[in-house]
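Visitor: I'm new to this one. Could you show me how to read it, feature by feature?

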Amino acid sequence: MATTSQTWSPASWRERPALQQPDWPDPARTEQVVERLSGLPPLVFAGEARQLQESLAAVAGGRAFLLQAGDCAESFHDFSAISIREKLKIMLQMAAVLTYGSMLPVVKLGRIAGQFSKPRSATTETVDGAEIPTFRGHMVHGDEPTAAARRYDPERMLQGYHQSAATLNLLRAFTKGGFADLTKVHLWNQEFVASAPEGRRYELIATEIERALRFMAACGIDLQAERQLHEVDVWTSHEALLLDYEQGLTRRDSLTGDWYDCSAHMLWVGERTRSPGGAHVEFLGGVHNPLGVKLGPTATAAEVIALCDALNPRRIPGRLTLISRMGVDRVGEGLPPLLRAVAQAEHPVVWVCDPMHGNVIRTGSGYKTRRFEDIMGELRGFFAACHEAGAWPGGVHLEFTGDHVTECLGGSEEVLEEQLNVNYMTLCDPRLNARQSLDLAFQVAELMRAADESR
Ligand code: PEP
Ligand code: CO
């Protein structure tokens with residue numbers, strides 16, 4: 001069965017095989033938590049999800065780019081105004097570089113305010129001779145490697161909800177309350193970045209933007225009156241993995257009568273749970289938010305078309321984003337057949353490259369890492385494949401942090417293998433640090449400009 005059921009409800013996913021769900025110890029308690037979530041205020045509004053879908057329709061039509069980025073897994077411990085602000089800063093900086101470089105609008109979408117649960121390849125791991133469940137995210141259990149911490153606890157979904165609400169509240173304040181004002185473009189450069197080559201390159205762009213604003217003011221344009229110069233939209237997204245949580249936050253929109261998953265503006269289904277007959281596709285098929293699907297190297301053209309038909313049967317532009325995450329070695333052969341099949345089926349999708357999840361390696365000393373060069377290599381392969389197929393390379397999907405971590409190798413900063421232990425902080429996958437993110441943004445801006453000029 002490849003399509004969403006005729007009798008869809010927020011709970012109809014329960015009739016399908018649901019992979020990657022925690023084995024909650026007490027189903028009755030889990031049910032109570034879902035019930036409580038159902039009574040809490042929505043985190044986002046249906047109208048906002050529709051606005052994002054309109055912006056994504058512009059990306060699908062080749063008139064804008066998407067920057068989707070944030071943590072691999074958000075943490076209950078690393079939760080402060082500073083860490084949210086630093087993530088927002090690097091997002092705004094990257095968006096400024098991409099917009100200035102491509103001269104096209106950039107849709108900003110965070111992996112934030114809900115990215116608390118993780119799919120895992122193995123169910124258990126052995127630590128000091130004991131077999132314990134692998135870490136599945138703070139919405140499910142603790143990360144400490146002990147059997148007690150890794151006990152599944154559904155109450156954590158409520159904590160995840162409250163942290164998401166507080167995160168969103170601050171994001172809204174920062175993005176609408178002056179911090180994201182384009183006249184503050186210099187302020188987004190962090191001290192440790194500003195003195196580095198990519199930081200200085202950013203300063204040049206920031207100065208140019210300021211000069212452009214002064215030029216417009218000198219021409220008599222009332223800059224104060226232009227809302228777009230003083231506020232930005234930063235939308236939220238996460239993997240819709242933990243279906244109890246997503247069900248609990250699903251509401252019927254009073255304006256249209258349609259169902260929306262009000263846990264985030266956009267939801268995506270991961271590489272491990274995207275089976276067209278599975279619970280995740282069933283759930284997402286019934287909510288009206290814009291959706292994403294991760295596509296790894298095993299994805300076949302037939303599967304991708306089945307997913308497009310299930311998730312976007314009415315072929316609405318902006319509804320569906322396909323996120324290719326093939327790996328640097330496989331993008332060249334894996335992506336073109338998918339691009340061709342989707343074009344042939346006339347599905348109006350946004351094509352995005354996630355150059356992170358197909359490029360994980362382990363060092364001799366056991367660190368999970370990614371090479372900056374592999375990440376850039378996959379991005380170049382993605383842009384080349386899109387160009388060849390006549391598809392618009394709609395954007396990038398990244399894991400980054402505003403902190404000065406040492407989790408990915410290379411970049412202009414040249415993080416070396418023996419330096420990974422200096423500041424390796426991630427709860428799950430290795431993230432680009434602020435300098436590597438900015439470095440990447442400059443290179444992607446060049447790819448975007450070339451894509452725009454060559455069509
Ligand atoms: C992720 O985006 O964090 C993730 C687990 O990705 P994927 O489903 O592509 O492996
Ligand atoms: Co990840």
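This is a predicted model: local features need pLDDT of at least 70, side-chain atom pairs count only at pLDDT 80 or more; totals for chains, interfaces and linings use all residues.

Visitor: Which atoms coordinate the cobalt ion (ligand 2)?

Guide: To read a metal site, list its donor atoms. Here the cobalt ion (ligand 2) is held by Cys72 (SG), His357 (NE2), Glu399 (OE) and Asp429 (OD), at 2.1 to 2.4 Å. Along the chain, these donors follow the spacing C-x284-H-x41-E-x29-D. Histidine 357 sits in the loop between strand 11 (350-353) and strand 12 (361-362), while glutamate 399 belongs to strand 14 (residues 393-399), so this pair ties together parts 42 residues apart in sequence.

Visitor: Is histidine 357 buried or exposed? And glutamate 399, buried or exposed?

Guide: Look at relative accessible area, where under 20% counts as buried. Histidine 357 has 17%, so that residue is buried. Glutamate 399 is buried too, at 0%.

Visitor: Now the strand. How many residues of strand 2 (residues 106-111) are buried?

Guide: Six of its six, so strand 2 is mostly covered. Check both faces: Val106, Lys108 and Gly110 point one way, Val107, Leu109 and Arg111 the other, and all are buried.

Visitor: Which strands pair with strand 2?

Guide: For pairing, look at direction and bridges. Strand 1 (residues 65-70) runs parallel to strand 2 over six bridges, with glutamine 68 partnered by leucine 109. Strand 5 (residues 234-239) is also parallel to strand 2, joined by four bridges; there, valine 234 is the bridge partner of lysine 108.

Visitor: What do strand 1, helix 3 (residues 81-102) and strand 2 make?

Guide: Together they form a right-handed β-α-β unit.

Note on methods
Residues are numbered from 1 along each chain as its sequence is written. Chains are lettered from A and ligands numbered from 1 in the order in which they are written. Side-chain values use heavy atoms; hydrogens and water are left out. Donors are N, O and S atoms within 2.8 Å of the metal (3.2 Å for Na, K and Ca); water is not among the atoms, so sites may look incomplete. Helices (H or I, at least four residues) and strands (E, at least two) are DSSP runs, numbered from the N terminus. Buried means under 20% relative accessible area, exposed over 50%, partly exposed in between (1.4 Å probe, protein chains only). Two strands pair if DSSP finds at least two bridges between them. A crossover is right-handed if, with the strands pointing away from the viewer, the path from the first strand over the helix to the second runs clockwise.
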